[in-house]
Amino acid sequence: MKKTTLKLYSISLLLFYMLTACKDEPVCCVNIDTQIGLHYMNREGKNLLDFAEHYQKEDIKVYYKKGDEFEYVYNGNLDAPNMHHVYYTPDSALILAVYASDYYEGETSTTLISFNETVFDTLYCEFDIQDNGVSIKKAWLNGVAIEEQFMEIIREE
């Protein structure tokens with residue numbers, strides 16, 4: 001009888017330690033999905049970035065709306081320090097990838113994309129903000145809805 005009580009006590013103690021030693025699992029992954037792809041082209045389908053006077057990729061600047069002002073964004077420690085980069089798709093389309101502002105007003109933010117002093121676009125985004133990340137729910141460029149975080153923009157050169 002004494003052995004049975006000792007075994008029962010040992011099992012209970014082991015079970016108690018197992019239950020009290022358990023901690024909430026930390027969030028394992030953070031997902032940040034705030035990139036929008038923009039394909040600027042003329043009516044003939046030719047890429048405007050780097051091929052048109054007003055769309056030179058080295059002149060592009062991104063500004064984030066903070067309060068009532070737009071603030072130039074530059075983070076030298078990032079691969080895309082001005083919150084954008086340009087890349088070619090496999091079919092040679094030149095795409096401008098812009099990272100939406102993280103200055104949230106509730107669940108929205110506004111980003112200004114400047115090509116020069118007179119040519120710019122306004123990106124407005126609504127986000128899904130969770131404990132383990134943030135992602136774009138809806139986005140608009142100059143008031144036009146962007147589907148699937150990608151948009152083709154047709155403009156004159």
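Start your tour by selecting E156 and R43: both residues are exposed, where exposed means over 50% relative accessible area, buried means under 20%, and partly exposed lies in between (1.4 Å probe, protein chains only). Before you click further, know that this is a predicted model, in which local features need pLDDT of at least 70, side-chain atom pairs count only at pLDDT 80 or more, and totals for chains, interfaces and linings use all residues. Residues are numbered from 1 along each chain as its sequence is written, and side-chain values use heavy atoms, with hydrogens and water left out.

**Stop 1: E156 and R43**

Keep those two residues selected and show their side chains. E156 and R43 form a salt bridge, with their closest N and O atoms 2.7 Å apart. The term salt bridge stands for a side-chain nitrogen of Lys or Arg within 4 Å of a carboxyl oxygen of Asp or Glu. Side chains of opposite charge can pair when their charged atoms come close.

Where in the chain do E156 and R43 sit? E156 is in the segment after β11 (150-154), while R43 is in the loop between β2 (35-41) and β3 (61-66). The pair links distant parts of the chain, 113 residues apart.

**Stop 2: the whole chain**

Zoom out and switch to a cartoon view.

Now try a surface view. The chain exposes about 10700 Å², and carbon and sulfur atoms supply 54% of that area; accessible areas come from the Shrake-Rupley method with a 1.4 Å probe, and for residues only the protein chains shown count as cover. Of the 157 residues in the chain, 33% are buried.

**Stop 3: R155**

Next, select R155, which is also in the segment after β11. Is R155 buried or exposed? R155 is buried, because its relative accessible area is 18%. Its side chain joins that of Y55 in a polar contact of 3.2 Å. A polar contact is a pair of N or O atoms within 3.5 Å; within protein, one must be able to donate a hydrogen and the other to accept it, and residues adjacent in sequence count only if both atoms are side-chain atoms.

Not counting residues up to four places away in sequence, R155 touches several residues, including R43, L48, Y55 and N142. Contact here means heavy atoms within 4.5 Å.

Two of these partners deserve a click of their own. L48 is in the loop between β2 and β3, and L48 counts as buried because its relative accessibility is 0%. Draw a distance from L48 to E156: their C-alpha atoms are 8.7 Å apart in space, although the residues are 108 apart in sequence.

N142 is in the loop between β9 and β10 (144-146). N142 is partly exposed, at 41% relative accessibility. N142 has a positive phi of about 50° although it is not a glycine. Most residues other than glycine have a negative phi, and most peptide bonds are trans. For another such residue, go to Q149 in the loop between β10 and β11: Q149 has a positive phi of about 60° and is not a glycine either.

**Stop 4**

Select β3 and strand β4 (residues 69-72). These strands run antiparallel and are joined by four bridges; two strands pair if DSSP finds at least two bridges between them. Which residue is the bridge partner of Y63 in β4? The partner is Y72. The hairpin has two residues between the strands, and G67 takes a positive phi near 70°.

Still here, show K66 and E71. K66 forms a salt bridge with E71, the closest N and O atoms being 4.0 Å apart. K66 counts as partly exposed at 44% relative accessibility, and E71 counts as partly exposed at 33%.

**Stop 5: T110**

Finish with T110 in strand β7 (residues 108-114). T110 is buried, with a relative accessible area of 11%. Leaving aside neighbours within four places in sequence, T110 is in contact with residues that include Y63, F70, S101 and L123.
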